[in-house]
Amino acid sequence: MRKGQKAVRIIAGAAKGRALKAVPGMNTRPTTDKVKEAIFSMIGPYFDGGIALDLFAGTGGLGLEAWSRGAEKVIFVDKDKISVDIIRHNVRTAGAESDAEIYRNDADRALKALAKRDLSFTLVFLDPPYRMTEMNEVMGELAEKGMLEPDATIVVEHDATIAYPDDVPGFEQTRTAKYGDIAVTIYRYIEAITEDTNRSESDVNE
């Protein structure tokens with residue numbers, strides 16, 4: 001463990017207390033236990049099944065916390081080989097092998113591949129490198145591809161200097177909070193009005 005690096009663990013649920021390995025170096029910053037506890041107090045704290053997507057998984061800590069708290073299955077995606085190796089280690093440590101899928105890929109390609117399987121998620125974690133600030137576009141892609149269950153929760157972790165919009169088409173922002181230099185913004189997916197619905201409403205008004 002690097003000097004000054006805080007230990008990360010699974011906080012609650014079936015795998016409570018299991019220590020998670022961090023990715024070496026400074027490019028990947030695992031979500032601290034304090035921030036993780038705050039996130040799950042806002043979106044959970046426990047879940048009754050459902051599939052979670054940890055799209056920029058890093059250590060896999062957010063997805064594993066969701067699994068420990070009741071998510072039925074978690075799909076982990078990261079493009080970095082070292083991160084993927086760490087995720088595999090952490091999944092084994094948590095005992096989640098049978099309920100996890102781990103892929104080395106970038107986000108865009110991963111979403112295209114997952115969409116072909118007709119998967120839909122109840123919970124999505126978007127914790128990209130902080131230079132990436134277009135997670136609202138990723139949310140739009142998830143909605144467009146039909147990959148979100150009604151009322152799905154999307155958690156965006158980002159630099160506190162960045163403010164995500166209140167209004168993202170198809171989504172309702174439910175919470176935003178800052179924790180030092182980190183911020184968390186949470187959205188709820190609202191099924192978009194279809195073109196057919198718009199057309200029928202216009203017909204009524206004519």
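**Labels and cut-offs**

Author: Helix 2 (residues 61-68) has eight of its eight residues buried, so it is largely enclosed by the rest of the structure. The model is predicted, with local features needing pLDDT of at least 70, side-chain atom pairs counting only at pLDDT 80 or more, and totals for chains, interfaces and linings using all residues. Residues are numbered from 1 along each chain as its sequence is written, and side-chain values use heavy atoms, without hydrogens and water.

Reader: What makes a residue "buried", and what makes a stretch a helix or a strand?

Author: Buried means under 20% relative accessible area, exposed means over 50%, and partly exposed lies in between (1.4 Å probe, protein chains only). Helices (H or I, at least four residues) and strands (E, at least two) are DSSP runs, numbered from the N terminus.

Reader: Which residues of helix 2 are buried?

Author: They are Gly61, Leu62, Gly63, Leu64, Glu65, Ala66, Trp67 and Ser68. Just after helix 2, Gly70 takes a positive phi of about 125°.

Reader: Why is Glu101 called buried?

Author: Its relative accessibility is 15%. The cut-off for buried is under 20%, so the label applies. Glu101 lies in strand 5 (residues 100-104). Leaving out residues up to four places away in sequence, Glu101 touches Lys73, Val74, Ile75, Phe76 and Arg117. Contact here means heavy atoms within 4.5 Å.

Reader: What makes Arg117 and Glu101 a salt bridge?

Author: A salt bridge needs a side-chain nitrogen of Lys or Arg within 4 Å of a carboxyl oxygen of Asp or Glu. The closest N and O atoms of Arg117 and Glu101 are 2.8 Å apart, so the pair qualifies. Arg117 lies in the loop between helix 4 (107-115) and strand 6 (121-126), and Glu101 in strand 5, so the pair ties together parts that are 16 residues apart in sequence. Arg117 is partly exposed, at 39% relative accessibility. The structure holds 13 salt bridges.

Reader: Why do such side chains pair?

Author: Side chains of opposite charge can pair when their charged atoms come close.

Reader: How do you know that Asp106 and Arg109 form a salt bridge?

Author: Their N to O distance is 4.0 Å. The limit is within 4 Å, so the pair counts. Arg109 is exposed, with a relative accessible area of 57%. Asp106 is partly exposed, at 29%.

Reader: Which residues are linked in a network of salt bridges?

Author: Arg9, Asp33, Lys36, Glu37, Glu65 and Arg69 are linked that way.

Reader: Why is the pair of Phe40 and Phe47 called edge-to-face?

Author: The structure holds three aromatic pairs. In this one the ring centres are 6.1 Å apart and the planes stand at 70°, so the pair is edge-to-face. Rings of Phe, Tyr and Trp (its six-membered ring) pair if their centres lie within 6.5 Å; planes under 30 degrees apart count as stacked, over 60 as edge-to-face and the rest as tilted. Phe40 is buried, with a relative accessible area of 0%.

Reader: What makes the pair of Phe171 and Tyr189 tilted?

Author: The centres are 5.3 Å apart and the planes are at 50°, so the pair is tilted. Phe171 lies in strand 9 (residues 171-179) and Tyr189 in strand 10 (residues 182-189), so the pair ties together parts that are 18 residues apart in sequence. Phe171 is buried, at 6%, and Tyr189 is buried too, at 9%.
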